[in-house]
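Here are my notes on the model, point by point. Please keep the structure open while reading.

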Amino acid sequence: MNHDPSRPQTEGASSSSPETVDMSAVDPLESEEGIYVLPEDSGVFMPPPEVQAWEEQAAQTAIMPPKIIFPEPRPPTLVMPEAPAVAPVAVQTAPVEAEGDFLEEEVLAPTVPTSAVPQLVVPPIMKLERGEYALLTQESAGRVIAKAPDGSEVRIAIYARGADVTRALYPHPMLPNLIDAGEVDGKILIAHPKLEGNTLESAIYEKNKNVVISTVVDLARLNRYLHARGFALVAIDPRDVLLEPTRLQRLPNVHKIGDVVGAEAPRYGAPERAAGHKINGSEGVYTLGALIYHVLTGQMPVEGEMLVSFPEIPGVPQALTAMLSPSTTRVNPSDALELCSKLEKAMEKRFSWVLGTATTVGINPDRVTNEDSVGYRTRRSTGAAHNDTIVVACVADGIGGMARGEDASQAAVSGFLDYPLSEVSPQAAHEAIALANARVIGAMEGKSGGCTFTGVIADGDKIALAHVGDTRAYLLTDKVEQISEDHSMVAMFVKMGIIPAEAAHNHPDSNKIMRALGSNRELPPDYVELREITVPANGTIVIVSDGVWGVFPPKEFEVALLEIKQPQDLADRLVRQAIERSTSDNATALVMKLEARDPI
């Protein structure tokens with residue numbers, strides 16, 4: 001690289017971390033009666049890492065959720081305003097209903113005469129705590145759509161039991177916001193927002209295994225959350241579970257651990273529920289296992305019958321055997337969550353990287369050594385839930401005009417590759433490039449010298465990039481995206497609006513850089529560009545020195561990058577084309593293609 005050795009003042013670049021949810025913003029409010037009232041706007045959705053950390057902290061510190069004010073029981077005869085002449089909807093609440101205490105789910109044939117089954121009439125006007133709601137449509141036995149006092153449509157769910165169970169559920173980010181509540185004929189009515197979207201039910205019947213298992217992991221966290229508070233998740237209706245993010249349209253069926261319940265037979269329900277039993281907290285584990293079994297085999301597990309063959313995926317037989325066992329040997333919710341998380345990892349696509357490199361001293365008679373260096377190392381992490389290829393790869397370009405540019409680039413590459421990889425993260429990439437910088441300082445032995453540098457750490461489809469100077473990194477899909485920023489004088493001119501982007505190619509100051517390894521013993525804050533990227537399946541990462549990209553007009557280079565799909569062929573072709581275009585510099589290309597395959 002024929003760079004000007006001058007060192008202009010470096011420019012800084014600040015970055016902001018992604019916004020996170022402050023849980024203090026949803027603390028319950030204390031009412032005049034001295035009990036807690038759930039704030040109206042408390043239904044925030046936290047990113048999954050915060051959810052898990054918050055759940056674990058709550059479980060460890062035994063933080064109980066706030067009490068929710070429900071109305072005092074009213075007399076059987078409700079005082080209702082005059083309502084339009086709309087026929088009331090009769091809802092049957094048989095003791096053998098499939099959803100247990102809730103009125104939702106498939107209802108089995110009654111075992112008592114119909115005349116003996118109590119009837120609940122949903123009136124055309126429902127008077128809840130905050131106002132009156134007009135019945136619009138009946139969605140199912142336990143849900144209606146109603147018009148709220150503000151004119152919006154809400155979903156009202158009907159429950160057999162109220163405040164004690166609801167307090168165990170709230171606050172939790174997977175649950176729908178609680179808008180209002182009231183009581184009709186001894187049944188609790190709770191108004192939720194009318195949520196729409198794809199459901200777990202559709203994912204099961206579309207056999208979308210990864211989506212189903214990922215959603216079950218979220219439900220397993222909810223199951224553990226409830227178990228830590230003395231409650232059991234005894235049934236889940238997949239029609240109530242919305243996807244991406246996982247949210248429930250209504251509250252799930254929950255019982256206190258130790259309650260004795262009558263015979264119930266919901267879909268995906270534990271077999272012991274068919275005969276009535278004492279709730280022990282493992283019922284939800286069976287339900288989650290049954291959901292996974294259904295999507296993987298297309299069948300429902302049947303008590304007393306041998307389970308059909310499991311798909312040959314590590315972790316599947318172990319997880320389902322443990323979760324679908326009889327209640328006396330079934331795993332607890334915490335262990336079930338661990339099994340489901342491992343299974344989710346086992347179901348992920350398998351990734352491997354295919355690499356190719358090419359480098360040349362070029363055809364400039366004044367350049368007798370190649371000051372570019374390129375290198376990579378790979379290792380395969382194998383195991384029941386992880387067998388992706390882990391890659392560390394980089395390109396360095398020694399600064400021309402300074403002493404021992406080739407020594408600087410070689411030292412940087414060896415330092416980056418020697419970093420003891422433990423994770424793929426911007427922090428790890430920064431530590432690796434800091435080691436590369438220290439190696440450059442040592443190799444120079446007090447003389448002036450350095451190199452530009454671009455390196456990546458890849459694990460599966462995740463890469464962390466560290467970049468300094470004007471070597472470049474690109475992401476190729478069906479288009480070309482430059483994923484590194486040039487630290488050069490010309491790039492600064494374009495950024496400041498001094499010259500248009502079209503004028504950057506072949507600009508007389510194109511050889512002047514603003515940052516390089518070896519110019520500082522300690523890398524200043526924001527000196528290194530760090531990025532974390534998820535690469536799509538069959539995506540390609542290309543890292544090139546300026547001896548390659550600098551001889552192409554931008555549009556022509558994009559065409560060249562997309563011409564060839566195989567990594568080694570593309571690397572060879574880029575370097576060969578650079579020579580054909582009479583590059584006066586060394587030319588180097590490193591190409592990494594991500595190949596993905598399903599575990600089945």
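1. Overall burial. Of the 600 residues in the protein, 50% are buried. Buried means under 20% relative accessible area, exposed means over 50%, and partly exposed lies in between, with a 1.4 Å probe and protein chains only. This is a predicted model, in which local features need pLDDT of at least 70, side-chain atom pairs count only at pLDDT 80 or more, and totals for chains, interfaces and linings use all residues. Residues are numbered from 1 along each chain as its sequence is written, and side-chain values use heavy atoms, with hydrogens and water left out.

2. Surface and contacts. The accessible surface of the protein is about 26600 Å², and carbon and sulfur atoms hold 51% of it. Areas come from the Shrake-Rupley method with a 1.4 Å probe; for residues, only the protein chains shown count as cover. Take the contacts between residues at least 6 apart in sequence: 70% of them join residues at least 24 apart. A contact means heavy atoms within 4.5 Å.

3. Secondary structure. The protein has 13 helices and 26 strands. Both are DSSP runs numbered from the N terminus: helices are H or I with at least four residues, strands E with at least two.

4. Two strands pair if DSSP finds at least two bridges between them.

5. Strand 7 (residues 143-147) pairs with strand 8 (residues 153-159) in the antiparallel sense, over five bridges. Arg-143 stands opposite Ala-157 in strand 8.

6. His-192. Strand 10 (residues 187-193) contains His-192. Is this histidine buried or exposed? His-192 counts as buried because its relative accessibility is 0%. Its side chain reaches the backbone oxygen of Asn-177 at 3.2 Å.

7. Strand 22. This strand (residues 472-476) is mostly covered, with five of its five residues buried. In a regular strand, side chains alternate between the two faces of the sheet. Arg-472, Tyr-474 and Leu-476 point one way, Ala-473 and Leu-475 the other, and all are buried.

8. Neighbours of strand 22. Which strands does it pair with? Strand 25 (residues 540-544) is joined to strand 22 by five bridges, and the two run antiparallel. Strand 23 (residues 480-482) pairs with strand 22 over three bridges, also in the antiparallel sense. Strands 22 and 23 form a hairpin, with three residues between them. Leu-475 has a bridge partner in each neighbour: Ile-541 in strand 25 and Glu-481 in strand 23.

9. Cysteines. How many disulfides does the structure hold? There are zero, a disulfide being a pair of cysteine sulfur atoms within 2.5 Å. Cys-394 is in no disulfide; its nearest cysteine sulfur belongs to Cys-451, 9.3 Å away. Cys-451 is likewise in no disulfide. Cys-394 is buried, with a relative accessible area of 0%. Cys-451 is buried too, at a relative accessible area of 0%.

Note on methods
Polar contact = N/O pair within 3.5 Å; in protein donor to acceptor, adjacent residues only side chain to side chain.
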